[in-house]
Amino acid sequence: MYLHIGQETVVPIREIIGIFDMDNTTISKTTRQFLNEAQRAGRVVTVGDDLPKSFVVCQKEKEPPTVYLSQLSCTTLLKRAESFRSI
């Protein structure tokens, strides 16, 4: 199963580590440091041209995590992800 996170981008549900609200989580110094390190390593993918509202952290087996910046709210993404539970 795949989760549509905006524009034409989908990620495998099994690779998602977390879905985070950009405004609430970037208050933390640790989160900002994680995002900065991911950016420096080239592991940040911007989905769309709008200001990001959330970010999705995904990790394939034995690879460092990739961060997707999405213009969709984390509430919308969580609802989409939860819809797969009933399948």
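Pro52 is partly exposed, with a relative accessible area of 26%; by the convention used here, buried means under 20% relative accessible area, exposed over 50%, and partly exposed in between, for a 1.4 Å probe and protein chains only. The structure is a predicted model, in which local features need pLDDT of at least 70 and side-chain atom pairs count only at pLDDT 80 or more, while totals for chains, interfaces and linings use all residues. Residues are numbered from 1 along each chain as its sequence is written, and side-chain values use heavy atoms, with hydrogens and water left out.

Pro52 is placed in the loop between strand S4 (44-47) and S5. Helices (H or I, at least four residues) and strands (E, at least two) are DSSP runs, numbered from the N terminus. Leaving aside neighbours within four places in sequence, Pro52 is in contact with Met22, Leu69, Ser70 and Gln71, where contact means heavy atoms within 4.5 Å. Between the C-alpha atoms of Pro52 and Thr25 the distance is 13 Å, and the two residues are 27 apart in sequence. Ser73 is 21 residues from Pro52 in sequence, with a C-alpha to C-alpha distance of 8.3 Å. Ser73 itself lies in the loop between S6 and H3 and counts as partly exposed, at 24% relative accessibility. Not counting residues up to four places away in sequence, Ser73 touches Lys53 and Ser54.

The chain contains 3 helices and 6 strands. Along the sequence these elements follow the pattern β-β-β-α-α-β-β-β-α. The C-alpha atoms fill a box of roughly 35 × 30 × 25 Å, taken along the principal axes. The radius of gyration of the chain is 13 Å, which agrees with the value near 12 Å that a compact globule of 87 residues would have. This radius is taken over C-alpha atoms, and the globule rule is 2.2 Å times the number of residues to the power 0.38. Of the contacts in the chain with a separation of 6 or more, 51% are between residues 24 or more positions apart.

Buried residues make up 36% of the 87 residues in the chain. The accessible surface comes to about 5,900 Å², and 49% of this surface belongs to carbon and sulfur atoms. Accessible areas come from the Shrake-Rupley method with a 1.4 Å probe; for residues, only the protein chains shown count as cover. The chain carries 11 positive and 10 negative side chains, and the centres of the two sets lie 5 Å apart. Lys and Arg count as positive and Asp and Glu as negative, whereas His and the chain ends are not counted. The place of a charge is taken as NZ of Lys, CZ of Arg, CG of Asp or CD of Glu.

In soluble globular proteins, nonpolar side chains tend to be buried together. A nonpolar core is defined as a set of buried Ala, Val, Leu, Ile, Met, Phe, Trp, Tyr and Cys residues joined through side-chain atoms within 4.5 Å. The largest such core has 11 residues: Leu3, Ile5, Val11, Ile19, Val47, Val56, Cys58, Tyr68, Leu72, Cys74 and Leu77. At least two residues of this core come from each of strand S1 (2-6), strand S5 (54-58) and helix H3 (74-82). A second, separate core has 7 residues, among them Leu35, Ala38, Val57 and Leu69. Val56, a member of the largest core, touches Ile5, Ile16, Gly18, Ile19, Thr66, Val67, Tyr68 and Leu77, not counting residues up to four places away in sequence.

Leu78 is placed in helix H3 and counts as partly exposed, at 37% relative accessibility. The C-alpha atoms of Leu78 and Tyr68 are separated by 14 Å, with the residues 10 apart along the chain.

Most residues other than glycine have a negative phi, and most peptide bonds are trans. Gln7, which is not a glycine, has a positive phi of about 45 degrees and lies in the loop between S1 and strand S2 (9-12). Lys62 is likewise not a glycine and has a positive phi of about 65 degrees. Lys62 is placed in the loop between S5 and strand S6 (66-70), and counts as exposed at 81% relative accessibility. Glu63 also has its place in the loop between S5 and S6, but counts as partly exposed, at 42% relative accessibility. The C-alpha atoms of Glu63 and Thr75, 12 residues apart along the chain, are separated by 27 Å.
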